[in-house]
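These are my notes from one sitting with a structure.

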Amino acid sequence: MAPDPIHLSAGGVSLVLDRSGPGLPVVVYWGAALPEIGDLGTAVAPQPIGFSVDGPVGVSLVPEQSSGWLGYPGIAGHREGRDWATAFACSEVRHGAAGVRISAVDPVAKLELTITLELLPAGILRGRAALTNNGPGTYWLEHLALLLPVPERTAELLDFTGHHLRERQPQRTAFTHGMRVRENRTGRTGYDSAFLLCAGTAGFGNRHGEVWALHTAFSGGARSIAERTYHGHSAIGGGELLLPGEVGLAQGQTYQTPLLYAGYSATGLDGLSARFHTMLRARPHHPSSPRPVVVNTWEAVYFDQSLERLTALAGAAATVGAERFVLDDGWFGSRRDDTSGLGDWTVSPDVWPDGLTPLIAVVRGLGMEFGLWVEPEMINPDSELARAHPDWIMATGARQPRTARSQQVLDLANPAAFDHILKRLDALLTDHDIAYLKWDHNRDLVEAGHPASGRAGVHDQTLAVYRLLDELRARHPRVEIESCSSGGGRVDLEILERTDRIWASDCIDAHERVPIQRWTSLLVPLELIGSHIGAPASHTTHRTLPLSMRAGTAILGHLGIEWDLTAPDADLTELAAWVALYKELRPLLHTGTLVHADVADPAFAVTGVVAQDRSEALYALISTGTSASYPPGTVTLPGLDPDRVYHVRPQPPGDVPDGNAAAWGAALPWCTPRGVHLHGVTLGNAGLRLPVLYPDRVLLVRVSALPTGDAPAVPADPAGPGFSGSDIGRVTR
Ligand code: DGJ
């Protein structure tokens, strides 16, 4: 008798695996939870048409040619040209309600495959495969990936692209017949990684449509696949992108894929984010302390470091309420600019004649934590380390790769290099009162081989970096680490297992940051996304924006400031008010549900965070362009309890709509200190009228549930000192 299908169910999601065939189990269903599966396997079994093979062809988790699958292979490799096609048969399947472990062997190819899948309480599927060579000689693995079928009603794909200063930009394509393969060959996660590959029903949006999505959690080469065949199969999948000869398995050796995370949502992209955020927040090591306000020195002073200058900056930082002061690049070795010194992780006696301790004492004395920038995987050819150990630089042999940002990559898979860097970082953290490391990584990996053998080394390097981080964290468990890679070049769920924050982008122009943060937060909750208030004129775009826009968007993350606060353009009083608001709101922002309205007008975005008990929320009504309508239309405030009555009013200091209504019209009726009272169902369907806003402005809206039983009457005017929402009523024409 054929074994029963396996039904995993958790968090409102079901996955059904059919194991009646001779090969690997086939996913017959992945989507909304099913109470019972009945005859599902029979109902959806494909009709055998006998093209690739006689008999039904399904998409197994690791699809193989032998099963009749001629789409993207789940496995590719060979043993000196043989054993390139596999036919795995299950040897053992163990499962519970929320997880399955499948062991399979191919006695001819002498390979063993293990697939583990867990359906986490948040409804996210997490899985990986492992391959062991049981035969003599080397099995050269080229590719091992997991694929998951998606239904044919997925008409559109969404994935991401980008570059330095413009990370994680969305791109939509029709999900047509054929393959869409996104390869990242940069040797780091990459600005343009597929990030979250989504397949959804036609027109799926923030709050509507069904979406199936997949994230390949790896910080080296990666490949994401979406394929629709003319035999009625559609699938999404992912795995590591291996370079030629990178994984050669000797007898008894095992290769393990990165973890794959897959989510399903019946309520658009917000439903997906809610699952991913819930999953991440449930981790025991998820940061739970209030996310401290950071002041980072990079755009404030760049390489111009001195005790005097940084003492003044630290003083201003403390004045506005900062809680963590991070000394960026330039404090070590010969690092007076970006051409020299990487690898020499000792404090520069030229810049810091008495070491870092005097600055740390100032910072700690002001009640702030001290953080330090490092870039441990890199080396400048102009450094003591490179002169002492030229053989530690990654290369394919005799030829050195071309430099990028004047730097090369240290071969951390070399135990001597690894130990040296570990020792230096350990000493820094042991000898100084350091609470935080900003861990940077500023170049792509080009010709990144192990210099002694010349063999490709991105795979080993990525795992070595994980080991380095793991070891440091074990030795210094209280030190938090930020993942930075020339801005947001290393944002993935595996680096986030070892870090507490990601730096989303080197672009801190609020206009550019709106999409970068929106799309980064599709996967990553706000408390893990570093977002800084920059100078009035952005250093990377030269766009000048008011503090209300810079701060009103930066508070939607882990807030920081990256601005010379000793400069005359620094309005410390207003900045302090924003910092105070962030501190007041962070319990909500960092635990609540992130929501986005589907806004028809491309000039506007509505981002909100709703408390888990839906008792309160904050919404940001953001304009990034000129509206097609004048005055603009209405937007909904999604995510609230439909049955409760809420007090809705503008939130100071982001309460001044700052548009030309003051010049051309009268006040927007609801946008007064007094606000309005509305049911959640009304806010979710009718919503609020948008104010007239200049491009690149934000209006914050605070929403609080009234105690049950209160009548939805307009409250008394709560205006207090500092409230300026009524300013928009001033007619200056
Ligand atoms: C790139 C980072 O993204 C910046 O924030 C800064 O730390 C520089 N590196 C320093 O070199």
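**Aromatic rings**

Two rings of Phe, Tyr or Trp (its six-membered ring) pair if their centres lie within 6.5 Å; planes under 30 degrees apart count as stacked, over 60 as edge-to-face and the rest as tilted.

Before going on, I noted the ground rules. This is a predicted model, in which local features need pLDDT of at least 70 and side-chain atom pairs count only at pLDDT 80 or more, while totals for chains, interfaces and linings use all residues. Residues are numbered from 1 along each chain as its sequence is written, and side-chain values use heavy atoms, with hydrogens and water left out.

How many aromatic pairs does the structure hold? I found eleven. One of them joins Trp298 and Phe303, edge-to-face, at 5.3 Å centre to centre and 85° between the planes. Both Trp298 and Phe303 are buried (under 20% relative accessible area; exposed is over 50%, partly exposed in between, with a 1.4 Å probe and protein chains only).

I then looked up Trp331 and Trp345, whose pair is tilted, with 6.0 Å centre to centre and 40° between the planes. Trp331 and Trp345 are 14 residues apart, and each is in the loop between β21 (324-327) and α5 (357-365). Helices here are DSSP runs of H or I with at least four residues, strands are runs of E with at least two, and both are numbered from the N terminus. Trp331 has a relative accessible area of 0%, so I noted Trp331 as buried. Trp345 also counts as buried, because its relative accessibility is 1%.

**Charges over rings**

The charged end of Arg498 sits over the ring of Tyr466, 4.3 Å from the ring centre. Arg550 has its charged end over the ring of Trp563, 4.6 Å from the centre. To count, NZ of Lys or CZ of Arg must be within 6 Å of the ring centre and within 35 degrees of the ring normal.

Next I looked for gaps. On a 1 Å grid over the protein atoms alone, a cavity is a set of points where a 1.4 Å probe fits but cannot get out; a pocket is an open set with protein on both sides within 12 Å along at least five of seven lines; lining residues have an atom within 4 Å of a point. Points are joined across faces, edges and corners, and a volume is the space filled by probe spheres set on them.

I found seven cavities of 30 Å³ or more. The largest cavity has about 150 Å³ of space. Which residues lie nearest its centre? They are Ser193, Ala194, Phe195, Ala222 and Ser224, out of 16 lining residues.

I checked Phe195 again for its backbone. Its phi is near 65°, a positive value in a residue other than glycine. Phe195 is in the loop between β12 and β13 (197-200).

The largest pocket has about 910 Å³ of space. Its lining has 38 residues, and the closest to its centre are Val26, Pro46, Val57, Gly58 and Val59. Strand β3 (residues 26-32) gives the largest share of that lining, seven residues.

The second largest pocket has about 700 Å³. It is lined by 32 residues, with Asn206, Arg518, Trp519, Phe604 and Ala605 nearest the centre. Here the largest share, seven residues, comes from α9.

Helix α2 (residues 268-281) has 14 residues and reaches 20 Å from its first C-alpha to its last, close to the 20 Å expected at 1.5 Å a residue. The expected span is 1.5 Å times one less than the number of residues. Why do I call α2 largely enclosed by the rest of the structure? Because eleven of its 14 residues are buried. Among them are Leu269, Phe276 and Met279.

I noted a cis peptide bond between Tyr630 and Pro631, with omega about 0°. Pro631 lies in the loop between β32 (616-623) and β33 (634-635). The bond from Pro652 to Pro653 is also cis, with omega near 0°.

Last, Ser406 has a positive phi of about 60° although it is not a glycine. Ser406 counts as partly exposed, at 27% relative accessibility.
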